[in-house]
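These are my notebook entries on one structure. I record what I looked up, entry by entry, with the cut-offs that I applied.

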Amino acid sequence: MSNPGAVAAADEHWMRHALALADRAEREDDEIPVGAVLVSADGEVLGEGWNRNITEHDPTAHAEIVAMRQAGRRLGNHRLLCSTLYVTLEPCAMCAMAMVHARIARVVFGAHDPKTGAAGSVFDLLADPRHNHRVEVVGGVLGEEAGGKLTAYFRRKRRKPAAGQGGA
C-alpha cells in the first residue's frame, strides 16, 4: 500500500478495531482499556488482545504482548515479519523491545504515554540505531479517543471506595 491516503484510512480502520478491544478489556476484565491488533501486510488479523495482566496475574500480559503471542502461535514463528501492530496506547519499553525482537515492521499507536512511552515520548527504543531492526512508528492515530478512554477509566477507579470500606 503505497498510497498515503489508503495507508491513513487503513490505520484508522485498524485503530478502531483496537479501540473496540480496549472496550472489552474494561467491560469483560475490568482491566485498563488498552487494545492491540497485529495485522499482516495483506490485511489479515494475525493476533489481537487487550491488557490482561491483572486477570492473568502476569505483569507481561500487556495488550501488545497478548496480540504478539497469539500471532506467534498462529504462524508457528516468533518472527512477525512485515506486520503492523495497532495499539491504543504508546508501547512501554517491554512491549517496544518485544516488537524489535519479533521484527514487526510498523507500530501505530493512539494516545501518547508521557510517563512510560517508549516510542518517542519518554524513550525512543524503536528507532534506536543500536538495534539490528527498526520499527516504523506512527503515533496519535485517534489519540484523543484512546486517551479519553484511559482518562475516564482512571477517573471511575478513583471514585470507587477500596474493598471493605463503605461509601460516605
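**Entry 1: Salt bridges**

I looked up Glu-28 and found that it forms a salt bridge with Arg-27, with 3.9 Å between the closest N and O atoms. A salt bridge here is a side-chain nitrogen of Lys or Arg within 4 Å of a carboxyl oxygen of Asp or Glu. The model is predicted: local features need pLDDT of at least 70 and side-chain atom pairs count only at pLDDT 80 or more, while totals for chains, interfaces and linings use all residues. Residues are numbered from 1 along each chain as its sequence is written, and side-chain values use heavy atoms, with hydrogens and water left out.

I then checked the accessibility of the two partners. The terms are buried (under 20% relative accessible area), exposed (over 50%) and partly exposed (in between), with a 1.4 Å probe and protein chains only. Glu-28 has 41% relative accessibility and therefore counts as partly exposed. Arg-27 has 59% and therefore counts as exposed.

I noted a network as well: salt bridges that share partners join Asp-11, Arg-106 and Glu-136. How many salt bridges does the rule give? The count comes to 14 salt bridges.

I examined one of them, between the side chains of Asp-11 and Arg-106, where N and O are 2.8 Å apart. Asp-11 belongs to helix H1 (residues 4-29) and Arg-106 to strand E4 (residues 106-111), so this pair ties together parts that are 95 residues apart in sequence. Helices (H or I, at least four residues) and strands (E, at least two) are DSSP runs, numbered from the N terminus. Are Asp-11 and Arg-106 buried or exposed? Both Asp-11 and Arg-106 are buried.

I also examined Arg-16, which forms a salt bridge with Glu-12 at 3.7 Å between the closest N and O atoms. What separates Arg-16 and Glu-12 in helix H1? They are four residues apart, which means about one helical turn. Arg-16 is partly exposed at 40% relative accessibility, and Glu-12 is partly exposed at 37%.

**Entry 2: Cysteines**

I searched for disulfides. A disulfide is a covalent bond between the sulfur atoms of two cysteines. The rule I used asks for a pair of cysteine sulfur atoms within 2.5 Å, and the count comes to zero.

Cys-92 has 15% relative accessibility and so counts as buried. Cys-82, in contrast, is exposed, with a relative accessible area of 54%.

**Entry 3: Positive patch**

Which residues form a positive surface patch? I recorded Lys-115, Arg-155, Arg-158 and Arg-159. Patches are made of residues with over 30% relative accessible area and no salt bridge; like charges are joined within 9 Å, and nonpolar side chains (Val, Leu, Ile, Met, Phe, Trp, Tyr) within 5 Å. I followed up Arg-155, which lies in helix H4 (residues 143-159). At 48% relative accessibility, Arg-155 is partly exposed.

**Entry 4: Backbone angles**

I looked at phi next. Most residues other than glycine have a negative phi. Asp-30 is not a glycine, yet has a positive phi of about 50°. The place of Asp-30 is the loop between H1 and strand E1 (35-39), and the residue is partly exposed at 36% relative accessible area. Arg-103, also not a glycine, has a positive phi of about 65°. I located Arg-103 in the loop between helix H3 (93-102) and E4.

**Entry 5: Distances along and across the chain**

Ala-105 is in the loop between H3 and E4 and is partly exposed at 30% relative accessibility.

Those of Ala-10 and Phe-154, 144 residues apart along the chain, are separated by 29 Å. I found Ala-10 in helix H1, where this residue counts as buried because its relative accessibility is 16%.

Definitions and conventions: Areas by Shrake-Rupley, 256 points an atom, 1.4 Å probe, with all protein chains shown as cover. Lys, Arg positive; Asp, Glu negative; His and termini not counted. Charge placed at Lys NZ, Arg CZ, Asp CG, Glu CD.
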